[in-house]
Amino acid sequence: MSDVNKTIQKWHASFKKGTDFDSWGQLVEAIDEYQILARQLQKEVQSTTNSSDFTEEQKCTQSKEEFKLEELKKLESIIQNILTYNKEFPFDVQPVPLRKILAPGEEENLELEEEEDAATGAGSTEAFPPRAPGTLLPRLPSEPGMSLLTIKIEKIGLKDAGQCIDPYMTISVKDLNGIDLNPVQDTPVATRKEDTYIHFSVDVEIQRHVEKLPKGAAIFFEFKHYKPKKRFTSTKCFAFMEMDEIKPGPIVIELYKKPTDFKRKKLQLLTKKQLYLHLHQTLHKDS
């Protein structure tokens, strides 16, 4: 079997695994598989050494914000027969700019780039252009005696806030081993920046009742922004909240240097300056 056929077979196996999880309602596992497949496909699209294996038409780089499961399943025959597939794409997609998707751990040597990027940028007060919504999820149904948590991400303080392009937050809930407990969510791109702050003013609905979160769990907030010179979206810093910090009202939490340490073993503060992530918590309890 040729290398390209082996590659296609691997893509199909990953796709089938993801849609199976999706069909069974195992959303966290499905998202993991889709992200693995997305990285594999994006890597192939950006490849120059293997450009002869696939034509430009086969290297489809279009996407949209979300797909239904029944739409995704229509892609199976395309993945299996990509070398000979010449029919119309099964549903509408919109072109998006090509941006590199980084696998976990690929950002570990990028810290020095922050100072380099800070040398260029706009003024201290500027509105970001409107962007398509992120992947925020609705609030879960209430259950008697159970609490749901809404976290409003108000703003983040950064010394080079004015230079950050297309900034957004990735929110995840992890156990002590860094394993996802809930689906990962992305905010829309921030609405405005002012002085040393980037303002989000967006509500995030935590996708599990507070009473069902295991001991030692934490809610992570990864601040990400686009680097045009490198053509990828990078994690600049992260913050997290532990279970004993869940309480109604405002909270200010510290920022840590990347790479994101989901196990919370080797934490390094981003800066000695008093710059933090500002949040506001609301608990909804069905009595």
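Ring pairs join Phe220, Phe238, Phe240, Tyr256 and Phe262 into a cluster, where rings of Phe, Tyr and Trp (for Trp, its six-membered ring) pair if their centres lie within 6.5 Å, and where planes under 30 degrees apart count as stacked, over 60 as edge-to-face and the rest as tilted. The model is predicted, so that local features need pLDDT of at least 70 and side-chain atom pairs count only at pLDDT 80 or more, whereas totals for chains, interfaces and linings use all residues. Residues are numbered from 1 along each chain as its sequence is written, and side-chain values use heavy atoms, with hydrogens and water left out.

**Aromatic pairs**

The structure holds 6 aromatic pairs. One of them is the edge-to-face pair of Phe220 and Phe262, with 5.0 Å from centre to centre and 75° between the planes. This pair links distant parts of the chain, since Phe220 belongs to strand S9 (residues 218-227) and Phe262 to the loop between S12 and S13, 42 residues apart; helices (H or I, at least four residues) and strands (E, at least two) are DSSP runs, numbered from the N terminus. Phe220 is buried, with a relative accessible area of 0%, where buried means under 20% relative accessible area, exposed over 50% and partly exposed in between (1.4 Å probe, protein chains only). The rings of Phe240 and Tyr256 have planes at 20° and centres 5.5 Å apart, so this pair is stacked. Phe240 lies in strand S10 and Tyr256 in strand S12, 16 residues apart, and their pair also links distant parts of the chain. Both Phe240 and Tyr256 are buried.

**Charged side chains**

A salt bridge is a side-chain nitrogen of Lys or Arg within 4 Å of a carboxyl oxygen of Asp or Glu, and by this rule the count comes to 8 salt bridges. The table gives some of them.

| Salt bridge | N to O distance |
|---|---|
| Lys16 and Asp20 | 3.0 Å |
| Glu205 and Arg139 | 3.2 Å |
| Arg264 and Glu242 | 3.0 Å |

Lys16 and Asp20 are 4 residues apart in helix H1 (residues 3-23), which means that about one helical turn separates them. Lys16 is partly exposed at 34% relative accessibility, and Asp20 is partly exposed at 22%.

For the salt bridge of Glu205 and Arg139 (3.2 Å, N to O), Glu205 lies in strand S8 (residues 197-205) and Arg139 in the loop between strand S3 (125-127) and strand S4 (147-157), so the pair ties together parts that are 66 residues apart in sequence. Glu205 counts as buried at 10% relative accessibility, whereas Arg139 is partly exposed, with a relative accessible area of 43%.

Arg264 is buried at 14% relative accessibility, and its salt-bridge partner is Glu242. The charged end of Arg264 also sits over the ring of Phe240, 6.0 Å from its centre, and that of Lys155 sits over the ring of Tyr197, 4.1 Å from its centre; the rule asks for NZ of Lys or CZ of Arg within 6 Å of the ring centre and within 35 degrees of the ring normal.

**Nonpolar cores**

A nonpolar core is a set of buried Ala, Val, Leu, Ile, Met, Phe, Trp, Tyr and Cys residues joined through side-chain atoms within 4.5 Å. Among the 31 residues of the largest nonpolar core, Ile153, Ile156, Ile219, Phe221 and Leu277 touch the most other members. A second, separate core of 7 residues includes Val4, Trp11, Leu37 and Ile79.
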